[in-house]
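Subject: Structure for your files

Hello,

Please find the sequence and structure below. My notes on what was found follow.

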Amino acid sequence: MFLVSIICSCGTNSGHKKSDFSINTNAKKNTISNSETLELSIENPKNHTIDSVKYAINNVSISEHTDLTNMKLGKHTVKATVFYNNEQQTATKNITILNSAAPKVYTYNIINEYSHDITSFTQGLEFYKGNLYESTGHYKESKLRQLDYKTGNVIKNLNLADEYFGEGLTVLNDKIYQLTWQKGTGFVYDVNTFKKINSFKYGTSKEGWGLCNDNTKLYKSDGTENIWILDPKNLIEEDNIQAYTNKGKIVGLNELEWINGHIYANRFQKNGVAIINPKNGAIIGVIDFSPLKNKVKQHETLDVLNGIAYNPETNTIFVTGKNWNKLFEVEVVEKQ
């Protein structure tokens, strides 16, 4: 996770050459906590007479003493533009910003258990206006469904074309947004009719994994530590956050759910959920749901937990897994 310094130049008169300058920081092994102040200075081995220095992180101006409290976590590039003798050169250095606190650990209490289609390879799960919607995976088996969560009955069903592997979904303003895995394509449907309205291509993210929304923006995972922020009007990836703890990045972010101002993320091949601050990517909590897998029917195609939905009408969370025969309604509590 530690990065090496990259030095480049862009002198106005001297052409492209190795920079005469480099950046010094107080980031030990290029890693620093967001509770610290980033201290920057210039290494000037040729003793040029420096007129001024401008610093930036990810092209946003900063000072040589920068409070990192409100900075996004993860890997960032610090750039220094050095002005000297009517010339200028740049130097860059990569740093990693970690969260200052370890995640809190949560557990759960089961409130109810409901039937769930054991053949559903669950990839996305979300409540909207009291109805439960589900996206399932596998080639030639992927579906979009509306469910009666109390009985497990399928109210509406749409089969995806054989070439698509269904992934996460979210519902906003009467539109269902559904991802597919490796085709770089997502779909938009009318929530009432399941009629396809549109399709969209991914941007920097190469795959589709999980999806949720905050009533304004969409949040998309791609199996890495990145969560991409999309404009629902044009589906362009406008920005991203990186999921980090106080020790490092957390990859394999999968199915997502927006719950009370935070992003809850299933982790690939794990039976747990990370609670993420959407402003900076900090993982502020983890929930261990691993005992739930032992409470469902054991069979050859049984897979991990994947599917988390918040029901605002009951103020409870619903979880299931890939090819699980049960849907669990739970309350999350801090572990003592």
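This is a predicted model: local features need pLDDT of at least 70, side-chain atom pairs count only at pLDDT 80 or more; totals for chains, interfaces and linings use all residues.

A nonpolar core here is a set of buried Ala, Val, Leu, Ile, Met, Phe, Trp, Tyr and Cys residues joined through side-chain atoms within 4.5 Å; buried means under 20% relative accessible area (1.4 Å probe, protein chains only). Strands are DSSP runs of E, at least two residues, numbered from the N terminus.

Strand β11 and its partners

In β11 (residues 131-136), 5 of the 6 residues are buried. β11 pairs antiparallel with β10 (residues 122-128) over 6 bridges, and with β12 (residues 143-147) over 4 bridges; pairing requires at least two DSSP bridges. Glu-134 of β11 stands opposite Leu-125 and also opposite Arg-145 in β12. The β10-β11 hairpin has 2 residues between the strands, and Lys-129 takes a positive phi near 55°. In the β11-β12 hairpin, with 6 residues between the strands, the positive phi is at His-138, near 85°.

Conventions

Residues are numbered from 1 along each chain as its sequence is written, and side-chain values use heavy atoms, without hydrogens and water. Local features need pLDDT of at least 70 and side-chain atom pairs count only at pLDDT 80 or more, while totals for chains, interfaces and linings use all residues.

Regards

Terms used:
Buried means under 20% relative accessible area, exposed over 50%, partly exposed in between (1.4 Å probe, protein chains only).
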